[in-house]
Amino acid sequence: MTEHTTTLWQVVKGYFNAIPDKENEEETISQISSGVAFHGANLWVLIFAIFIASLGLNVNSTAVIIGAMLISPLMGPIIGMGLAIGINDLELLKRSVKNYLVATGISALTATLYFAITPLNEAQSELLARTSPTLYDVLIALCGGAAGILALSTKGKGNVIPGVAIATALMPPLCTAGYGLAVGSPSYFFGALYLYFINTVFICLATFVGVRMLKFEHKTFEDPQRLSKVRRYIVAIVILTMLPATYMTINIIRQSVVDNNARRFVKNELVFKGTQIISQNLDEKSKTLNVVAVGRLITKSTIDSIRKQMDGYKMAGYKLNVIQGYQSDSLLLRSQTLNNATLSGEATNQKLVEQSTQIHDLESQLAQYTRYETMGKDIRNELRALYPTISTVTLTRVAESNVDSAAVRRYVMAVVGNRGRFSNTDRQKLQQWLKTRAKADSLRLIITQ
């Protein structure tokens, strides 16, 4: 049994063993070392790549940003640092760090210059996405760095290196940092610079691990104590880099869970015939779930009942605020004014306002018809006290069309069932009483035996 297990493990290990595909070690080190330096043409390529990425962020073009990442030589010194740590080459490490700092400084200044002179200074979504790094960016940098060192060290590189350049996205954070400097926004600058630093550290870490797994030959180091000190610094930098990203990621995950619970709550509990939920918003500061509804009004008692269900969706500390009726109309109109940026947004909001107005008109008309159904029940005791012979009463709203003139006359019709006889005087009194009680402009009385 042990022999079979060992054989199986050897087969699996053989599939994942990258060492047989390893290129000549000296050629790999030489290739990575040559990509570390930034001078002459390499530096100009970096500057042009920064301008292209800044333009892409400025006009919110993903394709332009990807193009800038493809031509950017920023990966060179970063992978050089990881290789230097992996093979104990402090001289290569010094050169890599020096060129990395030079490249970073020039890139940030170039982006700052661009955003300082461009007339388009509004932060687009592509730019804003680079201001809040998370633990996922750590994972992307790790996987990208691992793929990069494997591609550089083995045969058949294919299109791995361009893919790594796109995935790790080193250029956009640097350009965003330049934008932060240009517009005087410290949150943009430090957030983007932190994302860039995360990518740097974990690409280096993945490169270091890859070099060790591929069993690159280590350089002999004359001062082991100094090497140990350098390694401790590296471990400390990795841990300190991860801590803020971990904290931010935990908050994002927690918020995502709450948002998902809120969506499930609205989808399951706020479903009523004739009512449409058009938006929902979770306000974390006031711990309030704001829901905008149009159509048939949800009664206060129903809303109070729904609030009690929030505990079942892990929203015990939140309040429910349902905005409906003319409140929702005002909100939609205000939203329409604020969203004039796109024609589609205007058309959608205008349509919602019109639909809401139509619904309210229909509800008002419906209320005029249905209120007389309940009124008959309400006045029956009064009628019995005034006219003991009356057995039934029916009230309804009628629209009567004139065949000759096509005119429409609207009035309330009262059909009264009577067991006795009514004099003309009693009939007139009853008609006047019903007209006053029903608050009708016109009332027609029909008495049946």
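Tyr-136 belongs to helix 8, in a model that is predicted. Helices (H or I, at least four residues) and strands (E, at least two) are DSSP runs numbered from the N terminus. Tyr-136, Leu-139, Ile-253 and Val-257 form a nonpolar surface patch of about 370 Å². Helix 8 (135-153) and helix 12 each give two or more residues to this nonpolar patch. Nonpolar patches join side chains of Val, Leu, Ile, Met, Phe, Trp or Tyr within 5 Å, from residues with over 30% relative accessible area and no salt bridge (a side-chain nitrogen of Lys or Arg within 4 Å of a carboxyl oxygen of Asp or Glu). Accessible areas follow the Shrake-Rupley method with a 1.4 Å probe.

The largest pocket holds about 450 Å³ of space. A pocket is an open set of points on a 1 Å grid where a 1.4 Å probe fits, with protein on both sides within 12 Å along at least five of seven lines; lining residues have an atom within 4 Å of a point.

| Helix | Residues supplied to the lining of the largest pocket |
|---|---|
| Helix 5 (75-86) | at least two residues |
| Helix 6 (90-117) | at least two residues |
| Helix 11 (186-213) | at least two residues |
| Helix 12 (224-269) | seven residues, the most |

Among the 19 lining residues, Met-81, Ile-85, Cys-204, Ile-234 and Ile-237 lie nearest the centre.

Strand 1 (residues 275-283) and strand 2 (residues 288-295) run antiparallel, joined by eight bridges; pairing requires at least two bridges found by DSSP. Asn-281 has Asn-290 in strand 2 as its bridge partner.

Residues are numbered from 1 along each chain. Local features need pLDDT of at least 70, side-chain atom pairs count only at pLDDT 80 or more, and totals for chains, interfaces and linings use all residues, while side-chain values use heavy atoms, without hydrogens and water.

Terms used. Grid points are joined across faces, edges and corners, and a volume is the space filled by probe spheres set on the points. Patches are made of residues with over 30% relative accessible area and no salt bridge: like charges are joined within 9 Å, nonpolar side chains (Val, Leu, Ile, Met, Phe, Trp, Tyr) within 5 Å.
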